[in-house]
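Student: I have just opened this model and would like to talk it through. Could we go over it together, one topic at a time?
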Amino acid sequence: MQQLDFAFIGQRIKEVRTEKKLTQEKLAEITDVNVSHISNIETNKVKVSLTLLVQICNALDITLDYLLENEYHAPVSVTEKELLNVIKDMKKEKQETLLRIAKVL
């Protein structure tokens, strides 16, 4: 088995953190680690533990599969499952409208 791409994971954490306008300091505070540790994870100087990775995901309101998308290949992604859950509760004509919109995108 290959090693996880911790550089990608750190990069993805940084991207989401900055999109959510969180500083490294705030993320460190939420996850109860040092700011330097967050920086080292984002720059691939250390490997993030599974426990901290889950805490980071919770803090950033993202899923593990989003961070690990290059590593883990689920038959159906969380996004696809969520879409299916939304669609199944729709009336048929709304499903067809949504399908036409999706094809345009």
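Student: Which residue forms a salt bridge with Arg-17?
Tutor: Arg-17 pairs with Glu-42, and their closest N and O atoms are 2.6 Å apart. A salt bridge here is a side-chain nitrogen of Lys or Arg within 4 Å of a carboxyl oxygen of Asp or Glu.

Student: Where do Arg-17 and Glu-42 lie?
Tutor: Arg-17 is in helix H1 and Glu-42 is in helix H3 (residues 35-42), so the pair ties together parts that are 25 residues apart in sequence. Helices are DSSP runs of H or I with at least four residues, strands are runs of E with at least two, and both are numbered from the N terminus.

Student: Is Arg-17 buried or exposed?
Tutor: Arg-17 counts as buried, because its relative accessibility is 7%. Glu-42 is buried as well, at 8%. Buried means under 20% relative accessible area, exposed means over 50%, and partly exposed is in between, with a 1.4 Å probe and protein chains only.

Student: What should I know about where these values come from?
Tutor: This is a predicted model, in which local features need pLDDT of at least 70 and side-chain atom pairs count only at pLDDT 80 or more, while totals for chains, interfaces and linings use all residues. Residues are numbered from 1 along each chain as its sequence is written, and side-chain values use heavy atoms, with hydrogens and water left out.

Student: How many salt bridges does the structure hold?
Tutor: The structure holds four. One of them joins the side chains of Arg-12 and Glu-15, at 3.8 Å from N to O.

Student: Why are Arg-12 and Glu-15 about one helical turn apart?
Tutor: They are three residues apart in helix H1 (residues 6-19), which means a separation of about one helical turn. Arg-12 is buried at 9% relative accessibility, whereas Glu-15 is partly exposed at 32%.

Student: What about Lys-92 and Glu-96?
Tutor: Their side chains also meet in a salt bridge, at 3.9 Å from N to O. Both residues belong to helix H7 (residues 92-104), where they sit four residues apart, about one turn of the helix. Lys-92 is exposed at 59% relative accessibility, and Glu-96 is partly exposed at 37%.

Student: Back to H1, then. How many residues has it, and what does it reach from its first C-alpha to its last?
Tutor: H1 has 14 residues and reaches 20 Å, close to the 20 Å expected at 1.5 Å a residue. The expected span is 1.5 Å times one less than the number of residues in the helix.

Student: Which residues of H1 are buried?
Tutor: Among them are Phe-6, Phe-8, Ile-9 and Gly-10, together with Ile-13 and Val-16. The buried residues of H1 pack against H2, H3, H4 and helix H5 (64-67), where contact means heavy atoms within 4.5 Å. Just after H1, Lys-21 takes a positive phi of about 55°.

Student: What is phi near in Asp-32?
Tutor: Phi of Asp-32 is near 60°, a positive value in a residue other than glycine. Asp-32 lies in the loop between helix H2 (24-31) and H3, and it is exposed, with a relative accessible area of 70%. Asn-44 also has a positive phi, near 65°. Asn-44 is in the loop between H3 and H4 and is partly exposed at 37% relative accessibility.

Student: Changing topic: which residues form the nonpolar patch on the surface?
Tutor: Leu-50, Val-54 and Leu-64 form it, with about 240 Å² of accessible area together. Patches are made of residues with over 30% relative accessible area and no salt bridge; like charges are joined within 9 Å, and nonpolar side chains (Val, Leu, Ile, Met, Phe, Trp, Tyr) within 5 Å. Accessible areas come from the Shrake-Rupley method with a 1.4 Å probe, and for residues only the protein chains shown count as cover. Val-54 lies in helix H4 (residues 50-60) and is partly exposed at 33% relative accessibility.

Student: Finally, how many helices and strands are there in the protein?
Tutor: There are seven helices and zero strands. The radius of gyration is 17 Å, well over the 13 Å that the globule rule gives for 105 residues, so the protein is more spread out than a compact globule. That radius is taken over C-alpha atoms, and the globule rule is 2.2 Å times the number of residues to the power 0.38.
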